[in-house]
Amino acid sequence: MSATITLADVLDDAAILSLEHQLHLGEVIGSHSWNVDLREQRFDFTGDRDLTCSRVHLLGSAAPGPGSWLWAWANPTDYPEPLTGLSARVRDFGRQHGIPELASAEVPFGAVPGGPAEPAFEPARVAALLLDAAKVVSGSWTSYHAEVGGGTRAAFLIEHPDFRLPPPAFPRVMRVLQQSLAELPLHDHRRALYGYARGRGLGAAFDPEGTRLAITAPDFSIDVEFDQHNRVAGINAKTAPGN
């Protein structure tokens with residue numbers, strides 16, 4: 001990444017790969033309850049499948065009262081450093097690249113690009129977006145956020161070997177792309193799709209004019225056309241014979 005990037009850029013870099021990881025998390029844990037012990041640094045799912053995460057990171061919390069997000073590194077509660085250290089890495093990244101939403105201890109909901117207009121949904125939406133930004137910095141791509149009382153949502157990055165994505169397959173990649181374009185608040189489609197393809201280990205190359213992106217794998221190819229506003233204008237996909 002260049003030194004001159006915005007939070008919106010980081011969110012585009014994260015959005016589609018993050019969505020695929022969250023879809024995969026749902027497949028792994030199914031219907032569930034959750035429990036976290038911050039002192040013991042333990043995060044558990046129970047339900048369709050009981051699973052204890054191999055590592056948990058507290059990123060921050062979104063509170064409707066002040067209408068703001070508080071990064072975990074700035075929380076006055078004396079949590080263990082391994083639990084909050086990743087949030088400090090996000091802070092350092094924000095300072096390095098001049099992104100105040102990542103560098104400041106507290107972030108008003110209104111400062112987060114892509115946040116919802118409906119106040120009732122702000123804590124969940126802001127938590128999800130700032131978790132996405134943290135994923136780009138950390139390389140840890142599976143997240144979970146939930147209400148912890150009074151409408152406040154705590155936000156975590158969680159790790160387990162089963163959260164790793166399966167190899168990219170054509171039907172899944174197309175489903176993720178289509179769902180992303182329909183549901184996610186992408187600011188720059190070119191950046192978002194390119195970032196996803198690279199993050200997924202797929203070939204990704206623009207034509208000389210930058211109006212088409214070729215996403216390639218051994219058994220499929222996806223040609224994406226963009227309009228003058230960097231939005232997707234068309235997608236043409238091909239699979240190898242027998243796939």
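Guide: Contact means heavy atoms within 4.5 Å. Keep in mind that this is a predicted model.

Visitor: Fine. Which residues in α1 meet which in α4?

Guide: From α1, they are L7, V10, L11, D13, A14, A15, S18 and Q22; from α4, L129, L130, D132, A133, K135 and V136. By class, that contact has nine nonpolar, two polar and three charged residues.

Visitor: At roughly what angle do the axes of α1 and α4 cross?

Guide: Roughly 95°, and the axes come within 8 Å. Angles of 65 to 115 degrees count as roughly perpendicular, so α1 and α4 are roughly perpendicular to each other.

Visitor: Switching to salt bridges. How many in the whole structure?

Guide: Twelve. One of them joins R172 and E20, at 2.8 Å from N to O. R172 is in helix α5 (residues 170-183) and E20 is in helix α1, so this pair ties together parts 152 residues apart in sequence.

Visitor: Are R172 and E20 buried or exposed?

Guide: Both R172 and E20 are buried. For R172 the relative accessibility is 16%.

Visitor: What does E27 form with R172?

Guide: A salt bridge, with the closest N and O atoms 3.4 Å apart. E27 lies in helix α1 and R172 in helix α5, so they link parts 145 residues apart in sequence. E27 is partly exposed, at 47% relative accessible area.

Visitor: And which residues do the shared partners join into one network?

Guide: E20, E27, R172, R175 and R200.

Conventions
Residues numbered from 1 in each chain as written. Predicted model: local features only at pLDDT ≥ 70, side-chain atom pairs only at ≥ 80, totals over all residues. Heavy atoms only, no water. Axes fitted to C-alpha atoms, helices over the stretch in contact; angles between N-to-C directions. Helix = DSSP H or I, 4+ residues; strand = E, 2+ residues; numbered from the N terminus. Parallel < 35°, antiparallel > 145°, perpendicular 65-115°, else oblique. Nonpolar A, V, L, I, M, F, W, Y, C, P; charged D, E, K, R; others polar. Salt bridge = Lys/Arg side-chain N within 4 Å of Asp/Glu carboxyl O. Buried < 20%, exposed > 50% of the residue type's maximum accessible area, 1.4 Å probe, protein only.
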